[in-house]
Amino acid sequence: MRQDESPLRAYEKALTDNNATAAQALMAHLLDDGVDPVTILTDVVAAAQRSVGARWQRGEWTVAEEHAATAIAVSATQAVTRYVRRIPPTRGQVLVACAEREWHALPAMIIDCALRSDGWDSILLGPATSAGRLNQFLHDHGPVAVAVSCSVLGSLPATRRFIEASTAMGVPIVVGGPAFGYDDIRATALGATAWAPDAHGAVTAISRLPAVVAPAAPLPAAAVAEQADLAHDHRAVAAALRSSWSLTSAPRPAPDIGSLADDVIGQLLHAVSAALLTGDRRPVPETMAWIADLMSTRGIDPAVVDELQIRAIAALGDYPLARGIVQAPRTDGH
């Protein structure tokens, strides 16, 4: 790293060059200089990863380039974690997990490292942790707390199962990640003990948790039942949308468009599911805005976004609560 170069810029250059060695050397240099490990992860690794996502969103980077950058981010985080774990823990045990179906392991790795740097004896369960595995660890280790990272809306139902499992044993649970948005509304609705906006917030939240909590209250029965039905019928609803939406109904859509559209349809249905479970309708307009931006950066007619919403309302004819959620952004003027 040049003396006139910021750590973030140096790290982003390593990502652009696909140079894992340079990224590892930068981590060692910063740690040797006494930079706080959590600051390295939040202000360099995580900040750059957000830029990587924005580059893909704008169509500047391919999926392969994004995956390569993520692999470097994982190795950089592991390097910082190895440094932190040389110091014995001085506080209780905390389980750190990704929700089931959540394969974005990097945020949980950063939380694990942040908690360990604050003295907690953290155990990282890794990506796509099953509820059964979490239950087993709860019984075997008796942690003082659980921390769950959830990046995608489709994993919120699994996070709810984690909350039920943890609080049923009296263990407080902190949740966070992009799927929870920018406030604690979804976390509170799902019954989490606390919400954390980032790694620093997770450290603060864990230190302030009560020793014991009551079991999470039941969610609204009608919404839970409809969300379960929609999850069961996800493939059929997605297929109906795919066959009716002009972007995917052509006999042979371009392979890249077909894959993109399938992802878009899945994200929209997961947003509806999240809104049903949490009572927070924002995931749907937020996802529609994300879809609109995605289409714009790829030169696709924006009219297909409005059409998708109309087609979704029709495809959700058997799910009145879900249909109302999708209709709301249109009538609310979002």
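Biologist: Leaving aside neighbours within four places in sequence, what is Asp280 in contact with?
Modeller: Ile185, Arg186 and Ala275. Contact means heavy atoms within 4.5 Å. This is a predicted model, where local features need pLDDT of at least 70, side-chain atom pairs count only at pLDDT 80 or more, and totals for chains, interfaces and linings use all residues. Residues are numbered from 1 along each chain as its sequence is written, and side-chain values use heavy atoms, with hydrogens and water left out.

Biologist: Where is the place of Asp280?
Modeller: In the loop between helix H13 (255-278) and helix H14 (283-297). Helices (H or I, at least four residues) and strands (E, at least two) are DSSP runs, numbered from the N terminus.

Biologist: Buried or exposed, that Asp280?
Modeller: Asp280 counts as buried because its relative accessibility is 6%. Buried means under 20% relative accessible area, exposed over 50%, partly exposed in between (1.4 Å probe, protein chains only).

Biologist: Which side chains make a polar contact with the side chain of Asp280?
Modeller: Arg186, at 2.8 Å, and Arg282, at 2.9 Å. A polar contact is a pair of N or O atoms within 3.5 Å; within protein, one must be able to donate a hydrogen and the other to accept it, and residues adjacent in sequence count only if both atoms are side-chain atoms.

Biologist: Switching to Asp112. Where is its place?
Modeller: Asp112 is in helix H5 (residues 106-117). Asp112 counts as buried, because its relative accessibility is 3%.

Biologist: And which side chain makes a polar contact with the Asp112 side chain?
Modeller: That of Ser122, at 2.7 Å. Beyond neighbours within four places in sequence, Asp112 is in contact with Ser122 and also with Thr81, Arg85, Val96, Ile123 and Leu124.

Biologist: Where is Arg101, and is it buried or exposed?
Modeller: Arg101 is in the loop between strand S1 (93-98) and H5. At 53% relative accessibility, Arg101 counts as exposed.

Biologist: What about phi of Asn18?
Modeller: Near 55 degrees, a positive value in a residue other than glycine. Asn18 lies in the loop between helix H1 (7-16) and helix H2 (20-32).

Biologist: Last one. Which ring does the charged end of Arg298 sit over?
Modeller: The ring of Trp56, 5.0 Å from its centre. The rule: NZ of Lys or CZ of Arg is within 6 Å of the ring centre and within 35 degrees of the ring normal.
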